[in-house]
Amino acid sequence: MTDRIMEFLRRRREEGRDTGPVLVVDLDVVRDNYLAFAKALPDTRVFYAVKANPQPEVLDLLARLGSCFDCASVQEIQMAMAAGATPDRISFGNTIKKERDIARAYELGVRLFAVDAEVEVEKVARAAPGAKVFCRILSSGDGAEWPLSRKFGCEPAMAPRVLEHAHRLGLQAYGISFHVGSQQRNPKMWDGALASSSAIFRDLAEKGIHLQMVNLGGGFPTKYLRDVPKVKAYGEAIFKSLRKHFGNRIPETIIEPGRGMVGNAGVIEAEVVLISKKADDDKLKWVYLDIGKFNGLAETMDEAIRYPIRTAYDGDATEPCVLAGPTCDSVDVLYEKEPYELPVSLEIGAKVLIEGTGAYTTTYSAVAFNGFPPLETHCI
Ligand SMILES: *Cc1c(COP(=O)(O)O)cnc(C)c1O
C-alpha cells in the first residue's frame with residue numbers, strides 16, 4: 001500500500017465512484033521493481049512476462065525503462081509493440097503455438113521462440129525460418145506456491161534431441177529455458193535446473209552445436225502474508241549456481257519476471273456485501289465480498305495464494321471466517337479449507353483492501369459472469 005494509492009482511493013470514495021471493486025496500480029512501484037531486478041542481476045536481460053499485467057501504462061513504462069517482453073500470443077506481441085518495444089526485444093515464449101501465429105509473429109519481426117518438442121520445432125522451422133529457438137525443460141516446482149506442473153517443458157534428457165532437430169532444420173539452437181514455479185520462495189531452486197542446463201550445453205557442444213543462452217524464467221515472489229527473500233538474494237543465489245555449473249563460461253542469461261515485477265504494485269479495494277451464518281450454532285461466519293474468483297481473484301484457486309486483507313477495523317479482535325465472492329457459482333469461495341481471520345467488528349458495506357494484487361488479477365477477470373463487469377483498473 002502506498003500513499004498515492006490511498007489518496008486515489010480516498011478521492012474515488014469522496015466522488016462517489018466507489019460502486020464496484022477496483023485495482024489501483026502504482027507505477028512508481030513497478031519502476032522500483034524493474035530497477036531492483038536490473039541491479040540484482042546486472043548481466044541479465046529482463047523480459048517482463050506480459051500476462052501478469054498487460055495494462056498499456058505498465059507496458060509503456062517498462063518499454064521506456066529498457067525492458068524486453070515475454071509474450072504468449074500474437075495479441076501480447078502487438079501490445080508490447082504498441083508500447084514501443086521493437087521486435088528484437090520480444091520473445092514468443094509459449095511452447096504451445098499455432099503455426100499461423102508463429103508466422104504472424106515472424107512477419108512482425110519476432111525471431112526468438114520457445115519449444116519443448118520436435119513437432120513444435122518443425123512448425124517454427126516452417127513458419128519462422130532461421131529464427132532462434134530455446135528449449136524449455138521441466139522443473140519440479142518444489143518450493144513454489146503456484147507450481148506449473150508438467151504442462152510446459154520436456155525432460156532434460158530429451159532437450160538435446162529437440163535442439164539438434166532445430167539445428168538440422170536451419171534454426172539457430174539458441175538455449176535452454178525453465179521456470180522454477182511461480183511465487184518461488186526458495187532462491188536456491190534455480191540450482192538444479194542450471195545443473196541440467198549446463199549438462200545440455202556440454203552434450204550439444206560435443207556435437208558441434210554451441211548454445212548461448214539460459215532463460216531463467218520467472219518465479220520471483222511478491223510479498224503476501226509471509227515475508228519473502230529480497231530480489232538481491234535471488235540474484236546472488238543464481239549467480240553462484242551459474243558459476244558452479246558454467247565456470248568461466250557463463251552464458252547470456254535472461255529472466256522473465258511477472259509476479260515479482262507487478263504483484264506488490266497493486267491494491268484492490270472491495271466491499272463487504274453480506275456477513276451471515278448458516279445456522280444459529282454455526283462456528284464460522286461467512287463474509288461475502290463484491291470480488292471473487294470470477295472478477296479478479298482466480299489465484300485463490302485451491303487457496304494457493306493468500307492475499308493480505310486490510311480493513312478499517314484492524315486491531316480489533318478477530319475470528320476465522322469463510323471468505324467468498326459475489327457470484328452464483330459455488331466454486332466462488334476464496335478461503336474455506338483454511339478460514340481467514342477477520343475483525344469481529346467488520347460490517348456489511350465496509351471496504352476491504354486486498355494487497356499484492358498487481359499480478360494475475362485483471363486478465364483473469366471474466367467478461368460478465370452474472371453481469372459483473374471485468375475488474376476496473378487504474379494505473380497511477
Ligand atoms: C508466467 C510466465 C512467467 C512469469 O512467471 P512469474 O512467476 O509470474 O514470474 C515467466 N515465463 C513464462 C514462460 C511464463 O509462462
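Are Phe92 and Phe113 buried or exposed? Before I answer, a word on the source. This is a predicted model, where local features need pLDDT of at least 70 and side-chain atom pairs count only at pLDDT 80 or more, while totals for chains, interfaces and linings use all residues. Residues are numbered from 1 along each chain as its sequence is written, and side-chain values use heavy atoms, with hydrogens and water left out.

Phe92 is buried, and Phe113 is buried as well. Buried means under 20% relative accessible area, exposed over 50%, and partly exposed in between, with a 1.4 Å probe and protein chains only.

Now the rings. A pair of aromatic rings is described by the distance of the centres and the angle of the planes. Rings of Phe, Tyr and Trp (for Trp, the six-membered ring) pair if their centres lie within 6.5 Å; planes under 30 degrees apart are stacked, over 60 edge-to-face, and the rest tilted. That rule gives 11 aromatic pairs. For Phe92 and Phe113, the ring centres are 6.1 Å apart and the planes sit at 40°, so this pair is tilted. Phe92 belongs to strand E4 (residues 90–92) and Phe113 to strand E5 (residues 112–115), so the pair ties together parts 21 residues apart in sequence. Strands here are DSSP runs of at least two residues, numbered from the N terminus.

Trp286 and Tyr288 have ring centres 5.9 Å apart and planes at 25°, so that pair is stacked. Trp286 is buried, at 15% relative accessible area, and Tyr288 is buried too, at 16%. Ring pairs also link Phe37, Trp190, Phe220 and Tyr234 into a cluster.

On to the ligand. Which residues come nearest to the ligand? They are Lys51, Ser182, Glu256, Arg259 and Tyr360, out of 13 residues around it; near means a heavy atom within 4 Å.

- A side-chain N or O atom of Glu256 is 2.6 Å from a ligand nitrogen.
- A polar backbone atom of Gly258 is 2.9 Å from a ligand oxygen.
- A side-chain N or O atom of Tyr360 is 2.6 Å from a ligand oxygen.

Alone, the ligand exposes 390 Å², and the protein buries 89% of that. Accessible areas come from the Shrake-Rupley method with a 1.4 Å probe.

Last, the surface. Leu274, in strand E12 (residues 266–276), is partly exposed, at 38% relative accessibility.

Terms used:
Helix = DSSP H or I, 4+ residues; strand = E, 2+ residues; numbered from the N terminus. Polar contact = N/O pair within 3.5 Å; in protein donor to acceptor, adjacent residues only side chain to side chain.
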